[in-house]
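Subject: Structure handover

Hello,

Here is the structure we talked about. Please open it and keep it on screen while you read.

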Amino acid sequence: MTHELVHMAFPSVSRQHHWIEEGLATYVEPIARAQAGSLSAERFWADMVRDMPQGQPGPGDRGLDHTRTWGRTYWGGAVFCLLADVQFRERTGNRRGLQHALRGVLAAGGNIDGEWTMERTLSAGDDAAGVPVLKELYEQMNLETAVVSQSRG
Ligand SMILES: [Zn+2]
């Protein structure tokens, strides 16, 4: 239920970027439950430590946009969200986090009724948080594609 509500508060992106929709819902759902008091912080972290390795790239991984496995879509997307959350906090002296970026996307009119490009979506989040974490992280995590295709010649 919480997972579906997260989807409602985020724009629809193209199929290639489906991982960010599922990754967000996977990452935000237990945080929302923890903030509401129905999940302890200890349990949240224990679950993340147990489940996040499923999102790590395996042999032949082509980056989040081009590897459409269940693990990379749900947990690879969640890893992206955790990294973004940490980087927002590091770069703003803990004044901003992923939550601020997501609220910014929603405030800019991004919700499930609209189809947005990845660039527009990430920019709206970065603008709200004040640092370009989402855009830079997305570029970094897509570099895997370039590295893999280069090494294959
Ligand atoms: Zn979902």
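First, the ground rules. This is a predicted model, in which local features need pLDDT of at least 70, side-chain atom pairs count only at pLDDT 80 or more, and totals for chains, interfaces and linings use all residues. Residues are numbered from 1 along each chain as its sequence is written.

The core

The largest nonpolar core has 29 residues. Such a core is a set of buried Ala, Val, Leu, Ile, Met, Phe, Trp, Tyr and Cys residues joined through C-beta atoms within 7 Å. Buried means 20 or more other C-beta atoms within 10 Å of a residue's own; exposed means 12 or fewer; partly exposed lies in between; C-beta atoms are placed from the backbone. Leu24, Cys81, Ala84 and Ala101 touch the most other members. H2 (18-35), H4 (70-91), H5 (98-107), H6 (118-129) and H7 (133-151) each supply at least two core residues. Helices here are DSSP runs (H or I, at least four residues), numbered from the N terminus. Leaving out residues up to four places away in sequence, Ala84 touches Leu98, Val133, Leu134 and Leu137. Touching, or contact, means C-beta atoms, placed from the backbone, within 7 Å.

H2 and H4

These helices pack at about 70 degrees, with axes 7 Å apart. Axes are lines fitted to C-alpha atoms over the stretch in contact, and angles run from 0 to 180 degrees between N-to-C directions. H2 and H4 are therefore roughly perpendicular (65 to 115 degrees; under 35 is roughly parallel, over 145 roughly antiparallel, the rest oblique). Among the residues that meet are Trp19 and Leu24 in H2, and Trp75 and Cys81 in H4. The contact has ten nonpolar, six polar and two charged residues. Ala, Val, Leu, Ile, Met, Phe, Trp, Tyr, Cys and Pro count as nonpolar, Asp, Glu, Lys and Arg as charged, and the others, Gly among them, as polar.

H5 and H6

Here the angle is about 120 degrees, and the axes are 7 Å apart. H5 and H6 are therefore oblique to each other. Their contact includes Ala101 and Val105 of H5, and Ala124 and Ala128 of H6. By class, seven residues are nonpolar, four polar and three charged.

Two single residues

Leu5 sits in H1 (residues 2-8). Leu5 is exposed, with 12 other C-beta atoms within 10 Å.

Asn94 lies in the loop between H4 and H5. Asn94 is exposed too, with 9 other C-beta atoms within 10 Å. Its phi is positive, about 65 degrees, although Asn94 is not a glycine. Most residues other than glycine have a negative phi.

Best wishes

How values were computed
Two residues are in contact if their C-beta atoms, placed from the backbone, lie within 7 Å.
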